[in-house]
Amino acid sequence: MVNRIVVGAHYGLRDWLAQRVTGLIMAVYSIIVAVVLTTGAPIRYAVWRDLFSQGWMRVATLLFATSLAWHMWVGVRDILMDYVKPLGARLALQIFVLLVISGYLAWTIQILWRTA
Amino acid sequence: MATAATNKDRPKYLSLRAILFELRLPIAGWISILHRVSGVLLFVSAVWLLFLLDRSLSSETGFASIQRYLGFALVKLSLLVLVWAYCHHLCAGIRFLLLDLHKGVDKASARRSSIVVLVVSLALTAYFGVKLW
């Protein structure tokens with residue numbers, strides 16, 4: 001019989017790798033956006049809105065948000081596995097965290113593609 | 001600790017109380033625990049950051065209201081803490097990626113890179129802080 005822990009780490013090289021790849025994607029995005037914001041015109045509403053209405057920026061930000069969602073999940077799950085031992089509590093918290101992260105992602109999409 | 005190597009079920013040593021009050025962590029240890037702390041901080045406050053993004057992009061008046069909101073010292077200070085958390089998490093993350101590639105694993109360079117992470121993230125925070133204020 002295979003004795004697996006349902007709320008464990010499914011022995012994941014995949015998660016370990018995902019953590020790093022998503023981190024790298026976010027690092028690149030962060031540097032690009034930091035440069036754009038600090039070297040461009042002073043940020044007024046028009047500048048701010050125009051930046052986020054460009055197609056590349058929307059797609060890049062969505063990539064960032066998706067990476068962030070995955071990155072957050074692996075990170076928070078690791079912490080829950082380290083510090084929350086009772087399986088019921090851990091599962092409940094993991095589900096809660098997944099819901100929160102999904103909400104973050106949905107909200108981001110809504111903000112980006114809202115027709116103002 | 002002598003038995004730890006022979007004990008198959010040895011626990012990871014994760015006691016928060018020990019990390020904070022009992023052990024004298026080496027600086028690399030501080031980088032690591034701060035990476036975790038900043039990560040949690042960013043996860044929890046993402047809802048607030050999304051709120052700021054949402055309102056500021058919603059309309060001219062929304063943008064103006066966020067600008068006013070960011071004028072409050074406490075709000076600014078909170079944002080600055082998050083800027084630090086972001087910079088630290090990013091710098092420490094890059095350090096961990098390099099460690100994964102076996103760059104700078106020996107004790108001396110690991111210490112050096114820890115100090116670099118601490119200093120660079122504080123410097124970046126100061127830079128963005130000045131921009132923000």
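How many helices and how many strands does chain A have? In this predicted model, chain A has 4 helices and 0 strands.

The fold of chain A may next be considered through its contacts and burial. Of the contacts in chain A that link residues at least 6 apart in sequence, 75% are between residues at least 24 apart. Chain A comprises 116 residues, and 14% of them are buried.

Attention now turns to the interface. Here 20 residues of chain A make contact with 21 residues of chain B. On the side of chain A that touches chain B, at least two residues come from each of α1 (13-39), α2 (45-53), α3 (55-83) and α4 (87-112) of chain A. The helix giving the most to this side is α3(A), with 6 residues. Sorted by class, the side of chain A that touches chain B consists of 12 nonpolar, 5 polar and 3 charged residues.

The confidence of the prediction remains to be described. For the complex, the predictor reports an ipTM of 0.88 and a pTM of 0.87. Chain B has a mean pLDDT of 89, with 89% of its residues at 70 or more. Within chain B, confidence is highest in helix α4 (residues 73-100) of chain B, at a mean of 96, and lowest in helix α1 (residues 16-22) of chain B, at 74. Over residues 1-5 of chain B, pLDDT stays under 50, and the model has 1 contact beyond four places in sequence for these residues.

Definitions and conventions. Residues numbered from 1 in each chain as written. Chains lettered and ligands numbered in written order. Predicted model: local features only at pLDDT ≥ 70, side-chain atom pairs only at ≥ 80, totals over all residues. Contact = placed C-beta atoms within 7 Å. Nonpolar A, V, L, I, M, F, W, Y, C, P; charged D, E, K, R; others polar. pLDDT = per-residue confidence, 0-100. Buried ≥ 20, exposed ≤ 12 C-beta atoms within 10 Å, placed from the backbone.
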